[in-house]
Amino acid sequence: MSFIKKPPETVIREFQLEEPLANTLDSYAQFIGSTPDHVVTSALRFVFWKDKEFDRLHKEQKKARKAAQPAEVKKP
């Protein structure tokens, strides 16, 4: 097992932002020496982490999906 894990897979998404928000995003990314992609990813992680109602719903949905999956049958 390696000490350094490979980075998570990324997916390209396209969003439209209001111009003032896009400008602020670019300024903030420059301020912290990063990229707009990193800022958006970090902001979304923060929102999802802070929203306890969403977290509860998300966990319930994951549990329901897992329960709906057929059980694995081990072959001898």
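Which helix holds both Phe46 and Trp49, and how many residues apart are they? Both lie in helix 2 (residues 36-50), 3 residues apart, about one turn of the helix. The model is predicted: local features need pLDDT of at least 70, side-chain atom pairs count only at pLDDT 80 or more, and totals for chains, interfaces and linings use all residues. Residues are numbered from 1 along each chain as its sequence is written, and side-chain values use heavy atoms, with hydrogens and water left out.

**View 1. The whole chain has 3 helices and 0 strands.** From the N terminus, the order is α-α-α. Helices (H or I, at least four residues) and strands (E, at least two) are DSSP runs, numbered from the N terminus. The C-alpha trace spans about 60 × 35 × 20 Å along its principal axes. The radius of gyration is 19 Å, whereas a compact globule of 76 residues would have one near 11 Å. That radius is taken over C-alpha atoms, and the globule rule is 2.2 Å times the number of residues to the power 0.38. Of the 76 residues, 4% count as buried. Buried means under 20% relative accessible area, exposed over 50%, and partly exposed in between (1.4 Å probe, protein chains only). The protein exposes about 8,300 Å², with carbon and sulfur atoms supplying 59%. Accessible areas come from the Shrake-Rupley method with a 1.4 Å probe; for residues, only the protein chains shown count as cover.

**View 2. Tyr28 and Phe31 form a tilted aromatic pair, one of 3 aromatic pairs in the structure.** The ring centres are 6.0 Å apart, with 45 degrees between the planes. Rings of Phe, Tyr and Trp (its six-membered ring) pair if their centres lie within 6.5 Å; planes under 30 degrees apart count as stacked, over 60 as edge-to-face and the rest as tilted. Tyr28 and Phe31 sit 3 residues apart in helix 1 (residues 19-32), so about one helical turn separates them. Tyr28 is partly exposed at 43% relative accessible area. Phe31 is exposed at 66%.

**View 3. Phe46 and Trp49 form a tilted aromatic pair.** Here the centres are 6.2 Å apart, with 45 degrees between the planes. Phe46 is partly exposed, at 48% relative accessibility. Trp49 is exposed, at 55%. Lys52 lies over the face of Trp49, 5.3 Å from the ring centre. A charge sits over a ring if NZ of Lys or CZ of Arg is within 6 Å of the ring centre and within 35 degrees of the ring normal.

**View 4. A nonpolar patch on the surface includes Phe46, Trp49 and Leu57.** Together its residues have about 750 Å² of accessible area. Helix 2 and helix 3 (52-68) each give two or more residues. Helix 2 supplies the largest share, 6 residues. Leu57 is found in helix 3 and is partly exposed at 37% relative accessibility. Patches are made of residues with over 30% relative accessible area and no salt bridge: like charges are joined within 9 Å, nonpolar side chains (Val, Leu, Ile, Met, Phe, Trp, Tyr) within 5 Å.

**View 5. Asp55 forms a salt bridge with Lys59, and Arg56 forms one with Glu60.** A salt bridge is a side-chain nitrogen of Lys or Arg within 4 Å of a carboxyl oxygen of Asp or Glu. The closest N and O atoms are 3.2 Å apart in Asp55–Lys59 and 3.0 Å apart in Arg56–Glu60. Asp55 and Lys59 are 4 residues apart in helix 3, so about one helical turn separates them.
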